[in-house]
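Hi,

Here is the structure I promised to pass on. Have a look, and then read on for my notes.

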Amino acid sequence: MQAAAVRVYIPVSAADLLLLSQQGNVPVERGWSATEALLQVYGLEADDLDMGEAIAMALAAGASRSAGSEPAPSFRRVVAADVADDCTEVPDEPGTVLIPGSLALSQVVSVHIDATPTRPPQPDELEDVAQLQWFDVAEVADAAQAPEA
């Protein structure tokens with residue numbers, strides 16, 4: 001019997017994606033998930049999971065701006081992964097979860113990367129994730145190479 005999994009959106013750098021594609025895993029510390037606390041903060045019900053996941057991805061996209069060495073405007077990179085349900089939610093940071101260990105390529109569902117550099121949103125606004133390109137897990141090596149800064 002497999003342990004329950006939870007969808008987590010993890011900010012990564014281009015170097016992280018390259019490591020993931022070459023070695024099959026990458027060390028990660030935190031990500032964002034549609035936790036009960038996140039849903040409450042945004043006034044969502046438990047059955048609004050799709051909206052909660054969109055918010056979690058937006059929060060991870062914002063965090064990805066500091067995941068690499070590129071100055072703003074920057075390329076945002078987010079990995080969507082199904083990880084074991086043993087993540088710990090960070091107190092006072094709804095939706096932020098600590099991920100024990102490293103992220104394995106087998107846990108990755110998709111990769112999302114900007115087609116062009118983007119500027120940060122205004123304060124108190126969520127990241128607009130509409131510009132993020134979707135890459136299948138089989139395309140992680142390609143995603144690690146694109147876009148070129």
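Below is what turned up on the nonpolar cores and the salt bridges. Keep in mind that this is a predicted model.

Cores to begin with. The largest nonpolar core has 21 residues, and Val8, Ile10, Leu17, Val79, Leu103, Val108 and Val111 have the most contacts inside it. At least two residues each come from β1 (5-11), α1 (14-23), β4 (77-84), β8 (108-114) and α4 (140-145). Another core, of 9 residues, lies apart from that one and includes Trp32, Ala56, Met57 and Val78.

Asp82 sits in strand β4 and Arg7 in strand β1, 75 residues apart. Both ends are partly exposed, Asp82 at 29% relative accessible area and Arg7 at 26%.

Two others involve buried residues. Glu127 pairs with Arg65, with 2.9 Å between the closest N and O atoms. Glu127 is in the loop between β8 and β9 (132-136) and Arg65 in the loop between α3 (49-64) and β4, so this bridge ties together parts 62 residues apart in sequence. Glu127 is buried at 11%, and Arg65 at 14%. Arg76 meets Asp114 at 2.7 Å, N to O; relative accessibility is 1% for Arg76 and 0% for Asp114. These four, Arg65, Arg76, Asp114 and Glu127, are linked in a salt-bridge network.

Cheers

Notes. Residues numbered from 1 in each chain as written. Predicted model: local features only at pLDDT ≥ 70, side-chain atom pairs only at ≥ 80, totals over all residues. Heavy atoms only, no water. Core = buried A, V, L, I, M, F, W, Y, C linked by side-chain atoms within 4.5 Å. Buried < 20%, exposed > 50% of the residue type's maximum accessible area, 1.4 Å probe, protein only. Helix = DSSP H or I, 4+ residues; strand = E, 2+ residues; numbered from the N terminus. Salt bridge = Lys/Arg side-chain N within 4 Å of Asp/Glu carboxyl O.
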